[in-house]
Every structure is written in structure tokens, then in C-alpha cells.
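Morning, everyone. Let's go through one model together. Have a look at the structure first.

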Amino acid sequence: MHQTARHAAVHHAPQGFIRKYVFSVDHKVIGIQYTVLSLVAVFVGMALSWAMRIHLAWPDAHIPLLGMISPNGAPGGLMTPEYYLSLMTMHGTIMAFFVLTAAPMAGYGNFMLPIQVGAADMAFPRLNMASFWTTLVGFVLACATFVIPDGPPLSGWTAYAPLSAVGPVAGPGQGWGQNLWGLSIVCFCIASLLGALNFIVTTLDLRTKGMKLSRLPLSTWGWFIDAWVSLLAFAVLLPTCLLLILDRLGGTSFFIPGGLVINDQMQPHSGGSPLLFQHLFWFFGHPEVYIIILPAFGIVSHIMPTFIRKPLVGGWKVVTFAEIAVGTLSFVVWGHHMFVSGMSPFMAMVFSVPTLLITIPSVIAVLVWVFSLYGAHLRFDTPLLFSLGFISLFISGGIGGFFLAQPSTDSYLHATSFVVGHFHFTMGLSAIFATFAGFYYWFPKMFGRMLNEKLGKLHFWLSFVLVYCVFMTMHLTGFAGAVRRYSALVDDFMIALIPANKFMTVAALLLGATQFIFLFNVIWSRFKGPKAGDNPWGATTLEWDTASPPPFDNFGGRQLTVYHGPMEYDGEASVMQTSPQPSVAGT
Amino acid sequence: MAGKIFALVVLLITLATAYCVIAHVWWMPVDISVHGPKIDHQIEETVLVAGLLFIAGQLVLAAFAFLYGHGGNRIKQIPGGAKPLIIFAFVLVGTEVVALSSIGAKAWGAVYFEAPDPASLKIDVQAGQFAYYFRYPGPDGKFGALHPDLINEGNQNYFGIDADHDADAKDDIVTAELAIPVDKPILLSLHSKDVGHSFYVRELRVQQDFVPGLNIPIHFTATHTGRFEIVCTQLCGLGHYNMKAYLSVLSQSDFEDWLKKQAAAQ
Amino acid sequence: MKMQFRIMALTLCVLALAVVFLRFTPAGAAATGQIVGTVKLDGQAPHQKPIDMSKDPACAQVRNGSIASQESVVVGANGGLANTVVYISQGLTGNEAAIQSQAASIDQKGCQYIPHVVAMNVGQHLTVLNSDKTAHNIHPQPNPTGGNAQWNKSQLAGSGPIDVSWANEEIAIPVKCNIHPWMRAYIAVIKGPFGMSNDTGSFKLDNVPPGTYTLTAWQETYGTQTQKVTVGTGKPSTTDFTFKAK
Amino acid sequence: MSQSAVAVSQHEVLMEASPYGIDKKKLGMWVFIVSDACTFAAFLFAYGYMRIGAPLWGTPFGPSSVLNGMVMTAVLLTSSFTMLAAVRAAQTATKAETNKWLGLTMLLGVIFASLHLREWFKLIAEGWRLFYNPTGGAPQFGATFFSVTGLHLTHVVSGVIAIAFVARGFYRGRYDQSHVETVGLYWHFVDLVWMFVFPLMYLMNAH
């Protein structure tokens with residue numbers, strides 16, 4: 001007998017700790033599990049970056065703790081070049097995949113999306129559980145590289161072949177470290193694909209009565225579009241990693257050309273193409289940065305109306321279509337990562353055009369956010385502060401894009417710290433700031449308690465200023481030709497930049513320290529924070545139309561009907577009226 | 001209050017950034033190549049265009065945060081709604097995009113689409129973990145064939161040339177430093193013997209990856225004498241940070257003397 | 001507690017005695033012979049190219065002016081061939097395989113290995129030093145089938161010595177530094193007595209019990225030569241090797 | 001009025017209509033198919049890239065292999081029809097009828113797989129490996145052939161297993177005809193992919 005979507009997950013709340021909190025099929029628990037996983041991952045990744053920053057500014061510094069963690073990679077706490085690159089690789093991998101891709105999409109999306117569309121759970125709860133545990137396995141595999149004798153791989157998160165494909169001869173970490181890395185990414189791909197599938201079906205098929213597509217909250221739109229992008233992108237990264245693993249363990253030569261001589265040893269490969277790897281990887285890799293930023297778009301567009309007390313300019317349509325345009329274009333721009341890679345210079349020009357065009361929808365989104373502030377009534381709670389921070393950072397990051405989108409300018413700036421600053425602004429910190437905005441916004445819903453506003457604001461101000469100190473400086477040293485991925489600055493050029501690096505390091509360490517304010521705030525408020533009502537922010541979407549935290553079936557069996565879109569504010573009155581989506585009022 | 005602080009912070013950040021860029025606190029080293037000015041010009045164009053967008057964006061954001069940061073005022077909608085914004089984005093950004101890509105295409109084409117001067121000096125460049133080696137054809141103007149199986153760095157046979165049996169290879173001159181005559185077109189053929197590397201000379205405004213399995217030609221002409229760093233910008237392993245060589249641009253006569261000295265040392 | 005301490009102390013004493021015993025019996029009790037000889041090169045040594053180290057200025061710093069050249073064939077006065085490892089390839093009974101007590105050592109100075117060839121016993125310790133102002137990576141590449149493991153490790157300027165040893169006989173393990181590709185050393189890991197020819201080509205094997213052996217000389221460029229040699233107590237038996245230049 | 005129609009209408013009472021009017025299982029399968037198609041596309045792209053780049057490409061398939069491939073294709077196509085029959089039966093006829101057709105589909109799937117494996121063993125016996133080409137051409141032939149067809153074979157085998165589960169569930173009344181339809185969808189996709197793999201991997205490599 002067919003079951004309606006509502007009954008699908010509402011047999012009855014599971015009993016017992018294991019079913020309830022560990023192997024739970026409840027999208028809310030899974031969402032929190034994802035969020036916690038990313039929280040752990042982000043602190044791991046951050047710790048790695050501290051070690052790198054310290055080493056760059058004070059190459060002779062002994063970090064005893066590091067020596068304890070890896071007597072091999074950092075004998076006596078003095079970091080070896082290979083260990084620096086290992087840290088760099090794992091910093092990139094953990095941050096890009098297990099933090100930036102996981103938190104805003106799988107974390108909040110899992111928790112909020114079904115509630116926002118008025119469903120009782122995801123379309124496929126068991127699949128949902130499977131994707132979380134697969135992600136966890138991937139994360140464990142990634143961390144396992146630190147404990148194997150050879151250490152983590154050193155070929156960067158892009159794992160360019162043949163360095164990543166030829167095996168241990170290429171250097172320390174290129175043995176089992178690289179294998180585990182590949183397996184970890186395979187796991188992550190599978191998890192993301194299952195997740196994306198779940199998000200799409202839930203959004204299309206499990207909307208409650210009246211929740212037309214035009215009435216979806218903008219965060220739901222963000223996740224929905226993002227799900228499509230990841231569905232296609234990860235479906236290509238998966239085979240790429242499989243082929244890489246085949247090259248490493250199966251002796252094939254997909255990515256390894258003939259006649260390679262490493263350490264005076266002829267390699268037993270022939271006929272492969274390193275460029276094939278780059279094409280496959282970046283076909284995933286460029287959409288990946290939008291996979292990371294689209295949920296951020298959605299979250300900020302979702303949060304802002306609540307705190308500016310008016311709808312976004314152009315309603316849901318403009319932002320949403322901008323997001324769709326960005327998502328679509330993201331699949332035809334990958335070549336701009338390969339301008340100097342030996343790809344035909346003609347192709348370089350071909351790829352540069354859509355790359356520049358993609359700025360148009362991005363600019364439209366930014367204009368919408370900025371000009372929505374016009375004549376608004378800003379309520380500077382922490383979520384809005386982080387949203388504004390996101391806008392500022394995204395503008396700054398986007399600007400860097402103009403330089404890297406053109407082959408001629410990129411040929412000077414490619415692989416300089418300008419690029420590092422650029423992608424930290426765009427896919428790194430914009431996304432993180434939006435994630436923080438979402439965290440401060442939804443924490444009351446997730447745990448039923450408010451976060452401390454004073455600490456939250458402090459967290460914002462320090463983070464905002466320090467982020468600029470670190471990564472704007474990186475842009476600037478990039479102009480001077482500072483090459484990225486150097487474990488020590490030995491060139492005449494780089495030595496001149498050590499003072500700048502000292503400045504960045506100090507700022508980065510302070511930035512790291514700031515995050516402990518956040519961590520403390522989370523832990524303290526989780527237990528001691530003031531109780532949050534159902535709708536502490538005066539928001540309109542469905543997640544605020546139920547208890548905090550919501551009951552097992554999200555609405556306690558209530559059958560909701562939605563009468564209007566998420567941004568119905570009585571904009572003209574001097575006292576701002578808001579009406580929740582289920583109420584007939586605001587229509 | 002918070003709005004005012006936010007506006008102030010954003011303003012300061014914008015000004016500081018603008019100052020650093022305009023005052024060239026950290027900036028490109030002086031260019032020494034014929035094609036370089038085109039790239040520099042393109043970068044300055046972009047700094048202007050993007051810079052204006054940056055300042056405008058940040059300042060408008062700051063202004064709104066400043067103006068509407070305190071309660072009580074009536075909600076106002078921006079006149080005209082989203083249309084003007086969309087039109088603005090398409091027209092302004094669109095024209096900038098077109099302008100940049102068309103001018104940029106010129107600069108790029110000048111570097112990559114111009115055929116190398118047939119009279120240019122051909123030099124063979126091999127990258128390997130973690131050093132560059134350069135090969136001059138010698139008096140006969142011919143490069144000897146490469147035999148990867150003969151590569152033995154311990155005996156300094158970096159290229160795997162067979163000097164005993166190969167007539168063309170006998171007079172090849174292999175060096176660890178790239179010396180070129182000033183004002184003479186140079187044609188490099190880049191190939192890697194192991195993994196991906198890159199050839200980056202900041203002053204030359206040249207950056208080109210080595211792709212294993214490919215021979216990638218690049219050509220340029222240096223206009224100033226001096227000694228400059230060639231560094232690797234493609235992650236190639238533990239020695240990446242220390243993978244470099246020196247480019248010395250010499251007067252024609254100095255270059256010939258240098259080449260003689262190197263030939264003697266083979 | 002006290003009991004345990006006693007037992008521990010006792011064991012330690014026994015172990016110490018055992019070590020001393022093992023160390024001195026072969027040399028002390030059973031009288032042993034000696035093999036001496038010279039290794040010569042017949043013909044013209046190949047040209048040893050000077051090495052251009054301009055890639056890393058730190059190398060030149062330490063060398064203060066001296067130009068390095070490759071060391072694949074080092075010929076001293078009257079054709080003496082240096083860096084040749086001489087060892088007993090057949091006839092060992094096993095009880096003479098006493099491990100050298102003090103660790104061998106190899107230094108990285110002026111971006112060259114000093115010495116160029118190291119001979120050491122199986123299980124003997126090797127101390128790797130870095131006297132340069134730059135980082136090196138030590139990358140021994142034993143024969144994959146030989147049972148010794150390949151490894152690759154950086155040693156920064158001013159970081160402590162690295163201590164290594166090999167469990168299987170292998171003559172000889174090439175060692176390279178990828179950061180300075182010209183750097184090349186060989187480590188000969190040998191069971192039993194061995195000698196190494198100096199600039200004049202002369203070598204010496206001590207503590208060889210009387211008996212008949214096959215003596216092998218190995219040189220990185222010219223490969224190996226073998227000779228039968230009979231060792232008695234008293235006056236050292238002499239064996240000379242001559243490699244033909246290619 | 002068919003069961004699924006009933007299901008959809010019930011869905012409508014409480015929920016916003018799905019824009020495609022299909023239930024979540026089938027929609028999920030469609031979405032999966034989209035992404036899986038990308039995965040296959042990536043593999044085939046790699047194959048094309050390798051093949052174009054290779055100076056000398058091995059073409060090991062003689063008439064017998066091509067014939068074998070033809071038979072495999074025929075088998076798989078037939079299995080699609082039996083699957084159609086199974087779905088029809090699930091909607092209209094008895095459980096026994098349905099399981100008969102599902103069983104037939106599984107049988108054909110197994111035949112396909114065994115014929116395929118026979119081809120593999122033949123090649124392996126001839127010395128073809130993931131990394132080795134006995135005819136001296138590009139080693140990529142083995143790599144691409146075994147990986148692409150291997151991927152497809154995995155899909156066929158997992159499809160057979162899936163059908164077995166569905167058949168069992170359907171017979172015990174735990175699953176309804178929409179499950180049969182969904183697994184049918186998957187089976188047709190596997191069939192469709194083969195329509196790309198066969199000409200590209202077999203016909204193009206026949207001498």
C-alpha cells in the first residue's frame with residue numbers, strides 16, 4: 001500500500017539512545033550530526049593552518065606539540081617541507097569538503113529544508129542516514145592519513161597527476177597517504193550524491209499544501225539549486241578519483257604519460273595525459289566553489305528580510321534566477337584554472353568569456369542584497385552582522401575574480417598568493433560568514449536556546465577585521481609575485497615578503513583565537529542560554545511555526561497550509577508587521 | 001550604533017586597501033620583456049575597473065548600514081524596484097566584461113598567438129624534482145635525441161643525451177643557469193622529466209606550466225640585462241619551495257663568452 | 001618492587017657481559033688475519049664534470065669558492081682508484097660478522113655527500129648530518145627486491161642528525177637528494193669485514209679469521225671484480241685489483 | 001484507476017502536487033539516473049581522450065567477439081521488454097505473473113553478465129591487462145575497456161540483486177507496483193547505457 005509522504009517517516013519517534021541520536025533517520029538529528037562533524041573538522045583544519053602560518057613567518061620555530069604529533073614530519077617540532085605540504089593538502093581537503101561543502105548544505109539543509117517545505121522528514125530518511133555515515137567514514141579516512149607512518153599526501157587538495165598518480169617514488173606521503181585521500185574523497189562523493197538526490201526529491205515532492213515553488217523560502221531555493229549542481233559535479237569527481245586510484249593501484253596509465261624518470265628510475269607507464277586529470281578535476285572543481293557558495297547565497301537571502309524588516313528587492317525571483325544562472329554557468333568555466341597549464345591558448349580565451357559573464361548574475365545578487373538595505377529598518381542582531389560581513393567579503397572576493405578570469409593578467413597572478421587570498425574570500429570566508437549567520441539564526445530552533453548576543457557580536461567584529469588583515473594582505477603580496485604553496489621563503493623575492501607574512505600570521509592566530517569565543521558561546525548557550533520561543537526573530541517561514549526544537553514529525557501532526565511567500569512584510573506601516581506563511585493575513 | 005561602527009570599519013578597510021594598491025606598497029617588479037608592458041597595462045586597466053567596483057560596492061554597503069542602522073524610520077522601497085539594478089548589472093558590468101576581454105585578448109594574443117621569430121635562439125628546458133636544466137644546441141645548432149633511460153643525475157646526465165654515439169648530442173651544452181642575450185628573441189621548449197612543474201619569471205611576465213609528456217614552446221625577448229629568479233609555481237613535491245634557477249640576461253658578447261666557458265666545462 | 005629491581009639489575013649485568021663477550025671473542029681469543037691491497041685504474045678516467053650549484057646559493061656559501069665536481073671515478077696518485085668497497089662475498093662462516101661498534105657517519109656539506117661512498121655492517125648505525133645552510137632530503141633507493149626499505153626524508157639546516165641502519169646486505173644502495181639532484185652517495189651494507197680504498201687505492205680488511213675466501217671489489221662506475229684469497233694468521237695476505245677504464 | 005493514480009491523488013490531499021505528478025521513489029530514480037549518466041559520461045570522455053591521444057590503439061575484437069556482443073545486446077534488449085511486461089503485470093495481473101516476468105528479466109541479466117565475463121576471461125587469456133596490451137599498442141585499451149564495461153557490469157549485477165529484492169518484497173506484499181516500476185526504470189537505464197557502451201567499446205575496437 002502506498003504511503004503518503006507525511007506518514008512515510010511518522011511511524012512514531014524511535015526509542016532508545018542509539019536509534020534516536022546515533023543511527024537516527026530523523027533529518028534533524030542528521031543535520032545536527034553534520035553540523036557537529038563540520039565543527040570538529042573546521043577546528044582541525046584551522047589548527048593545521050596555524051602550524052603552516054607559524055612556519056611561514058618563523059621557519060626555524062620549534063613547535064613541540066607538532067613534534068609530539070608527528071616525530072617523523074616535524075622532528076623536534078621543526079617542520080619539514082614535506083610535512084608543511086601535507087598540512088596544506090589536508091587543510092584544503094578538510095576545509096573544502098568536510099566544512100564548506102558539509103556545513104551549510106548538509107548541516108542546515110538537512111535540518112531546515114524539510115521543515116521549510118512543510119514535510120515530516122527527508123524523502124529517503126535511510127538514504128539520508130547513509131550519507132551522513134559515509135561522510136563520517138570519509139572524514140575518518142582523511143584523518144587516518146596523519147597516523148600512518150608515511151603521513152598525509154603532499155599533492156594539494158587538487159591532487160594534480162602525475163604527482164598524485166605515480167606512487168611513493170614521488171615523495172613522502174604519496175604512498176598510502178594518497179590512497180587513503182582518494183578513498184576518503186570517493187566516500188565524500190557518494191555521500192554528497194545521495195544527499196543531493198534527497199534534497200531534490202524532498203523539495204519537489206514533499207511540499208505541504210500551498211507551498212508552491214514561488215513560495216519556497218530562499219534558503220530552500222539555495223539548497224535546491226545547489227543540490228542539482230553537486231548532483232552533476234560530484235558525479236564527475238567520483239570517476240576521476242576512481243581512475244586516479246586505478247592508476248595508483250591497478251597499474252593503469254590514465255593520467256601518467258610515458259617516459260617519466262623519477263629519481264633516475266624509468267616509470268612503467270605510458271600514454272596517459274595529466275591534462276585529462278586537470279579537465280576532469282576542474283569540471284568538478286569549479287562548480288565545487290559554487291556548491292560551496294550557493295547555500296551561502298540562499299542562507300543570507302533567507303535571513304536578511306527578517307532583520308531588515310522588508311522583502312529583498314525583486315522578491316524571490318531575482319535572487320533565485322541569479323543563483324540558477326550562476327549554477328548553470330559554473331559548468332562551462334572550468335578552463336580558467338588551466339590558463340597556463342599548456343591548454344591551447346585559444347581555449348583559454350574561450351573559457352575566459354563565460355568566466356567574466358558569470359560576474360553578471362553574481363553582481364545582480366550583490367546589488368539585490370545591498371539595495372534591499374535601502375530604506376530598511378536594520379536590526380543588528382548577530383545573524384545580520386554576519387550577513388553584512390558576507391556581502392562585504394563576497395564583493396572583495398569577486399573583485400579578485402576580474403584579475404584571474406583574464407588569461408593575460410592570470411599569467412602573472414596564477415599560483416601567487418593573490419589566488420589564495422581570492423578563493424579564501426569567495427569560497428572560504430564568504431561561505432563561513434554565511435554559515436555563521438545561519439548558525440546564530442537557527443541555533444535557537446535547533447537547540448531551543450538563544451546564543452549570547454554580546455559574545456556573538458564580539459566574535460563578528462574581531463573575525464571581520466582580522467579576516468581582512470590576513471587575506472587582503474595575501475592579495476597584495478600576490479601582486480608582488482609571492483608564490484603559493486611554498487613551505488619556506490628562500491627566494492630573494494620571498495625573503496623580502498617575510499614581514500608581511502609575520503603580519504598575516506599574527507592576524508591569523510588572533511583570528512583562530514577568536515573562534516574559541518564562538519566555541520565557548522555555543523557550548524555555554526547550549527546548556528545555559530536563555531530559552532528561545534518558537535519564533536524569537538519574528539520570522540515568517542515554516543521552521544518558525546513549530547516548537548524549538550521541533551517535535552519528531554516537525555509539526556506535531558498538524559497539517560499546514562501555506563498561503564503566501566516567505567517575505568510578506570507590511571512594508572509601508574511605520575510598525576513592521578510580519579505574517580507567518582501559514583496565516584491567511586499577509587496575503 | 002552597530003550600523004555606524006560597521007560603516008566605519010568597512011570604510012577603513014576600503015581606504016587601507018585602496019592606499020596599498022595605489023601606493024604600490026607591494027607591487028610587480030619592473031618588467032624586462034617586450035610583451036610585458038601589454039600585460040602590465042591590462043593589469044592596470046583591471047585595477048582601475050575592478051577597483052572602482054570594489055570601492056563603490058563597499059561604500060554603498062557602508063552608507064546603507066550607516067543610514068538605516070537605527071529604528072523608527074518608515075520602510076522605503078528603492079524606486080523602480082529590481083529592474084534598474086538588473087539593467088545596471090547587465091549594461092555596466094557587461095560593457096566592462098566586453099572591454100576587458102577584448103583588450104585582454106589583445107594582450108594574450110600578443111604573447112601566445114604571435115609566431116616565434118624564426119631567428120630566435122632555441123633553448124631546451126627540462127624540469128625535474130627539484131631543479132631546472134637548460135640545453136643549448138652548440139655549434140651545430142642541432143639538439144641530440146633524448147633517451148630517458150640514460151638519465152642519471154649522479155653523473156650529471158640530466159637530459160639523457162647519448163654524447164658517445166649521437167653526433168648531434170656531442171656538442172650540446174647543458175647548464176644549470178639560463179643565460180640569454182639581451183634584445184634577442186628566445187624560444188624555449190619546456191618539458192618535464194617527472195611531474196608537473198612551472199616556469200615563472202616575474203620580471204619577464206612569463207608563467208607556463210611544464211606538463212609531463214608534452215613539449216611546450218614559449219618565446220619572449222628580454223630588454224634589460226641582469227640576473228633574475230626562475231621559480232616553480234606548480235606543486236611538484238617536497239622541494240617545490242626551493243625549485244629555482246637563475247636567468248641572466250647578458251650582452252651578446254658576454255653571452256658568447258659565457259657559452260664558451262660552459263662548453264669547456266662539459 | 002625491590003625484587004623486580006634486583007632482577008632488572010641482574011639482567012642488565014648479564015646483558016652487558018654478553019655484549020662484551022661477543023664483542024671481544026673473535027678479535028681477542030681466536031687469532032685473526034688481515035687482507036691488504038690496492039685498487040688501481042688502468043687507463044684514462046672519464047672527465048669528472050664540475051657541478052654548477054647556482055640553483056641554491058646556500059651551497060656556494062659553505063664551499064667558499066671551491067668548485068665541486070662529480071665523483072663517479074676518483075683516481076689518486078699513480079692510478080690508485082678511491083671509493084672502492086672491498087668485502088668478502090663467499091667463505092664467511094658467520095661468527096666473524098661482528099657489528100662495528102661505533103656508528104658510521106655521512107655528512108652533507110657544500111651540497112655534496114662526505115664521504116661519497118660509505119661502507120657499513122648490516123645492523124650498524126649510520127648518522128646522517130647536515131652541515132649546510134639549506135635543507136636536504138635524504139633518499140636512499142635500495143633494490144626493491146633486496147629487502148631494504150626505500151625512504152625519503154628532509155633534513156633542515158640546523159636540525160639534528162638522522163640515525164638509520166639496514167637489515168640486509170646490499171652493495172650498494174644509491175642515495176640522492178632531490179632538492180640538489182647532483183648529490184649522489186652510495187651506502188654499501190655488508191656482512192662481515194670490509195675495506196675501502198683511499199686516494200692511493202690501498203685498502204685493508206681487519207679481523208679476518210684464517211680461511212679461503214672470495215674477495216670482491218665494487219666500484220660505482222666499473223662494477224665488481226672478485227679474487228680468491230687465503231688468509232692465515234701472522235703476515236697479512238695481499239690482494240690487488242685493477243679496473244679497466246671503459 | 002490504477003494504484004499509482006490512487007497514491008498520487010492521496011498525495012494531493014495533503015501535499016502540494018509534485019510538478020511531474022510522479023511519486024518520490026520514481027523521481028529519486030530519475031535524479032539518480034541523471035547523476036549516474038554523468039559518471040558514465042566522464043568514463044567515456046576519458047576513453048575518448050585516451051583513444052584520440054594514442055598513436056596506436058589495439059582492436060582485439062574478431063567476429064566472434066562482435067557476435068558475442070550482439071547476442072549480449074539482444075539479451076539485454078529482451079530483458080527490457082520482459083521488465084516492461086513485469087511492470088504491466090504488477091499494475092494489472094497477479095503477483096505470480098509479475099514475478100514470472102521479473103524472474104525472466106533476472107535470468108536474462110545473469111546470461112548477459114556471464115556472456116560478458118566470458119569475453120573478459122577471453123581477453124585476459126589473450127594477455128590483455130589493465131596496464132598491458134599484448135598487441136603492443138596503447139596500454140589504455142585494457143584500462144578503458146575493463147573499467148567502462150566493469151562499471152556497466154556492476155550496474156547489471158546490482159540491478160539483478162535489486163530486482164530480486166523487489167520481487168521478494170512484492171510477493172510478500174511489502175512492496176507495491178511503484179517499486180516494480182522504479183526498479184524497471186533503473187533496468188532500462190542500464191540497458192540504455194549499454195547502447196552507448198557497445199558501439200564505443202566493442203564495434204569501434206573490432207578489427
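How many bridges join strand β9 of chain B to β10(B), and do the two run parallel or antiparallel? Six bridges, and the strands run antiparallel. Keep in mind that this is a predicted model.

β9 of chain B covers residues 226-231. β10 of chain B covers residues 244-250. Across this pair, B:Arg227 stands opposite B:Ser248.

Now, β10(B) also pairs with strand β4 of chain B, residues 178-181. Four bridges join them, and here the strands run parallel. In this pair, B:Ile180 stands opposite B:Val249.

Strands of a sheet pair through backbone hydrogen bonds, either parallel or antiparallel.

Next, chain C. Here we have an open sheet of four strands, in the order β4-β3-β6-β9, with mixed pairing. β4 (112-114) and β9 (162-164) of chain C stand at the edges. Each has a single partner strand, so one side of each has no neighbour in the sheet. From one strand to the next, the twist averages 25 degrees. Three bridges join β6 of chain C, residues 126-130, to β9(C), and these two run antiparallel. C:Thr127 stands opposite C:Asp163 there.

Last, the helices of chain A. Helix α6 (residues 125-144) packs with helix α7 (residues 176-205) at an angle of about 160 degrees. Their axes are 8 Å apart. α6(A) and α7(A) are therefore roughly antiparallel. Their crossing is left-handed. Residues making the contact include A:Leu127 and A:Thr134 of α6(A), and A:Trp181 and A:Phe188 of α7(A). By class, the contact has 14 nonpolar, eight polar and no charged residues.

Technical notes: Residues are numbered from 1 along each chain as its sequence is written. Chains are lettered from A and ligands numbered from 1 in the order in which they are written. This is a predicted model: local features need pLDDT of at least 70, side-chain atom pairs count only at pLDDT 80 or more; totals for chains, interfaces and linings use all residues. Two strands pair if DSSP finds at least two bridges between them. Axes are lines fitted to C-alpha atoms, for helices over the stretch in contact, and angles run from 0 to 180 degrees between N-to-C directions. Angles under 35 degrees count as roughly parallel, over 145 as roughly antiparallel, 65 to 115 as roughly perpendicular and the rest as oblique. A crossing is left-handed if the near helix is turned anticlockwise from the far one by less than a right angle, and right-handed if clockwise. Two residues are in contact if their C-beta atoms, placed from the backbone, lie within 7 Å. Ala, Val, Leu, Ile, Met, Phe, Trp, Tyr, Cys and Pro count as nonpolar, Asp, Glu, Lys and Arg as charged, and the others, Gly among them, as polar.
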